[in-house]
Amino acid sequence: MDTSVYLGKLHLMNPVVVGAGPWCRDAATIQRCIDQKPGAVTTETITLEANSYISPRMYVSGQQTLNTKMFSDLHLEQWEEELGGIQKGDCKLICSIWGNSPSELTYLTRKVIHMGADAVEISMAPPIRARGTGMVPKIIKDCLRAAVTAADGVPVIAKISYEACHSPEIMRSVREAGVQIVTAINGLKGLIGIDIERQRSLMPTFGGFNGVSIHPLALAATASLKQNTPFHICSCGGTMSYENVLEFIMLGASCVELASVIQIEGYSVISRIVGECEDWLERHHYSNYFEIQGSALTSLHMFEDLKSCQLGSTLISECKRTDCDICVRGCLYDGIYRDQDGRIRIDRSRCSGCGHCVARCPDHKLSLNWEPSVVAE
Amino acid sequence: MLLLSSFADKPDFIDVVKGDLLIVQPEVTEDQVDLRDRAGHFHVVERDMAGEMHAASLADPADDPVVFLSLFRGDAVLFHAAVPLLARFQRFFQPFHGVKRHELFASLAGVSVATVSRVLNHPDAVLPETKEHILRIMEENNYSPSWCARGLRLGNPGMIVLLVPSIEHTFSQMVVSGVETITATKQHTLVLCVTNDEKAREQEYLSRMIDRKADGFILVNSTLSGSELSVLKARNIPCVHIGMRQDDAFRHLCYIDHTDGVYGLMQHLVDLGHRKMTFILNAHSKIFTAQIQTGAKLAVQGRTDDPIEIRYLLTENSVSGGFNGLKQLIDENDLPDVIVAGTAEMAMGVVQSAQFNRMRIPDDVALVSLADAPVCSVLSPQITAISQPVKRLGMMAARMLFDVLEDIDVAEGLPQEITLKTKLKIRRSCGNTKLIYDPME
């Protein structure tokens, strides 16, 4: 089995990429990532000036993270020393950089390539702070073009926000700059919550929101980019399991970033997900990732092209529970009720086939079918 | 290594440095024979590091399409002999980028480009045997790292000289802080000279520090012209200028793009309803003032239906400069909607003047500063200001200087003019009432 993939010109030994973040903040942590055998590791975002810590800066709620640290706290010179000590092996090193003028990006690009970067990722719109380059097509184009020129053939990756993915104008400017690879999506600007007793925000400022909740947004971004643009895609956003990695690839991604999941579960999750993806391929008799890349795209259609049809909810078998009324309470069409004997019944004349009860039944006793008679006992 | 790209246009201007490489690549198979035949001519100009003429054993282009050649700086006879020969091979030349020399050494030595780079920049951090190996490869190719050329000055720190117009202002202090961050990392001594914007003092410091064998200079908003700076050029001492120039006296410079920043600020002030604006600026900073005026003009132009009125008042860069600025406006009965102070110090003067005259900011007159300082977020009301990345500017200048000092190759591939962007910090003195206000620029 050949597990390698191509992200544009970049050849990776597998499609799992460690995304930029504090888990890749120096030589020691980057080495810990590399030792888990991902296809590539991305450094924390390197800028011209080291950025100081605020405390606290990381907020976690379940499988959601908010991070107010956007950039590295190391100087460029320190990075030079850090990266010198890394044993890359087959793993590729992507250096993430941020700057908001073309000459600044040219400088950083040349420097990180000189330090041994196999690719350069430009953080186009960090979710908080310095949105300067974020949404103005002309600025994006000038900045990215400067980096592409400076990179002189080394792949340049634009890391873009959810909003940018859906803006034809911005994606055109990224393309016109000569960028062929995008990482999508960047974290979203978020707040974790309010302490209502003290009537105060739990965070002193906005943070980059990541984790399981942004996964559907990242899936949609991947599908849109794959169908509307020629970019090679590194998908990013709420990848918590090998299933999530495969989802992105089936929507056309070349590779997939792990980020929050490392913060939540630790470094070992990297090799676990790499292994589980390969096990899945083997179980399903695929010899490489290209065979499934984009395979699910054909099941997506324009909303306008979907035809209305007469499906209705059906009980697969009698529900014996008396303590659960989720389907009854949840039906907005009054299509589900308990009869005199307390049994769950469906009124097909009222059911509109929305699928809500099917999704929510804890025992999976409901399904959508054409006609009640089709499910004759 | 601009050698090849500029070669065709102006052969007289080729600046050849000791250890320079010419990469000659035959593009098609038939030409390889051609090249090999003619390559014989290169023997004439190849020398080893000791300057001794010797016959070179050129690689067979059929096996290895890369041959190289080193020239001695200042050896006019050899150089002129080489020019016509080189001209005949022009079609083999490909644009040559700085990193390639590292790549060449890396591939010859069987190590990564980063390792070669470390041998050049941080020889202490490389295993002795690896270092020896790479140095041998370099030596075989007539190249020596700059630390070697400078006499292996380990334990004897180099000296970087920083000339600033003043030390009293936040700007200079932040530049010093930024430069020092890098010189400390590079284990160099930083010498600070304060010029008071005086030509004579600046020249005096330059020549004194050249005599003391300074390794490189960083000049902040220098008052000297190109010819007055020729002393640096004549000795080939690397120097970087901080601040925009209206001449091309410096090859390496970095500055902050004030025009763009002021444009953004003006947009914000217009959004808040301000139409009459007075800029109180430092009479000495002519280039800064010109950039500010360009940005303001851009923001004003085309607004025929809803015009903006701008007045420029030139004073000194101090608290009293700002104080007297507002006083003058009150005396002349020409109070604007908003005062734009050139520096944080001048903004403080405006605040004090307003207090003396029982005026409230921003109700009676709004105030913004073209330069942010820690005090701006402490005063009440907090002062809206343009945050200038001055520390980053100092770091950048020092980096450019060390790029030249350590390794010409990398510096050649890097931009020689770096622009940094400002960021508007919207607080209260401008009339804004929103708490967290970060406009989507």
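## Aromatic pairs

Over all chains, the structure holds four aromatic pairs, a pair being two rings of Phe, Tyr or Trp (its six-membered ring) whose centres lie within 6.5 Å, called stacked with planes under 30 degrees apart, edge-to-face over 60 and tilted for the rest. One of them is the tilted pair of Phe279(B) and Tyr312(B), at 5.2 Å centre to centre and with 40° between the planes. This pair links distant parts of the chain, with Phe279(B) in strand E6 (residues 276–282) of chain B and Tyr312(B) in strand E7 (residues 309–315) of chain B, 33 residues apart. Helices (H or I, at least four residues) and strands (E, at least two) are DSSP runs, numbered from the N terminus.

Phe279(B) counts as buried because its relative accessibility is 0%, whereas Tyr312(B), at 28%, counts as partly exposed. Buried means under 20% relative accessible area, exposed over 50% and partly exposed in between, with a 1.4 Å probe and protein chains only.

## Basis of the model

The model is predicted: local features need pLDDT of at least 70 and side-chain atom pairs count only at pLDDT 80 or more, while totals for chains, interfaces and linings use all residues. Residues are numbered from 1 along each chain as its sequence is written, chains are lettered from A and ligands numbered from 1 in the order in which they are written, and side-chain values use heavy atoms, with hydrogens and water left out.

## The two chains in outline

Chain A has 12 helices and 20 strands, and its C-alpha atoms fill a box of roughly 75 × 55 × 40 Å along the principal axes. Of its 377 residues, 53% are buried. Among the contacts (heavy atoms within 4.5 Å) in chain A between residues at least 6 apart in sequence, 69% join residues at least 24 apart. The accessible surface of chain A is about 16900 Å², with 51% belonging to carbon and sulfur atoms; accessible areas come from the Shrake-Rupley method with a 1.4 Å probe, and for residues only the protein chains shown count as cover. The mean positions of the 35 positive and 42 negative charges of chain A lie 3 Å apart.

Chain B has 16 helices and 12 strands. Of its 441 residues, 51% count as buried. Residues 24 or more positions apart account for 69% of the contacts in chain B with a separation of 6 or more. The accessible surface of chain B is about 20300 Å², and carbon and sulfur atoms provide 51% of that area.

## Local features of chain A

A cis peptide bond, with omega of about -5°, joins Ser55(A) and Pro56(A). Pro56(A) belongs to the loop between strand E4 (40–42) and strand E5 (58–61) of chain A. Arg57(A) lies over the face of Tyr53(A), 3.8 Å from the ring centre; the criterion is NZ of Lys or CZ of Arg within 6 Å of the ring centre and within 35 degrees of the ring normal.

Asp152(A), a residue other than glycine, has a positive phi near 50°. Asp152(A) is placed in the loop between helix H4 (137–151) and strand E9 (156–160) of chain A, and counts as partly exposed at 37% relative accessibility. His364(A) also is not a glycine and has a positive phi of about 50°. His364(A) sits in the loop between helix H12 (356–360) and strand E20 (366–369) of chain A, and counts as exposed at 62% relative accessibility.

## Helices of chain B

Helix H5 (residues 113–121) of chain B is largely enclosed by the rest of the structure, because eight of its nine residues are buried. Among them are Val116(B), Arg118(B) and Leu120(B). In helix H4 (residues 100–109) of chain B is Phe105(B), which is buried at 1% relative accessibility.

Helix H11 (residues 258–271) of chain B contains His258(B) and Thr259(B). His258(B) is buried at 11% relative accessibility, and Thr259(B) is buried at 17%. Not counting residues up to four places away in sequence, His258(B) touches Phe288(B), Gln291(B), Ile292(B) and Gln388(B), while Thr259(B) touches Gln291(B), Thr294(B), Gly295(B) and Leu298(B) under that rule.

## Loops and distances in chain B

The peptide bond from Ser380(B) to Pro381(B) is cis, with omega near -5°. Pro381(B) lies in the loop between strand E9 (366–369) and strand E10 (384–387) of chain B. Ser227(B), in the loop between strand E3 (216–220) and helix H10 (230–234) of chain B, is exposed with a relative accessible area of 58%. Its C-alpha atom and that of Ile137(B), 90 residues apart along the chain, are separated by 41 Å.

Methods
Lys and Arg count as positive and Asp and Glu as negative; His and the chain ends are not counted. The place of a charge is taken as NZ of Lys, CZ of Arg, CG of Asp or CD of Glu.
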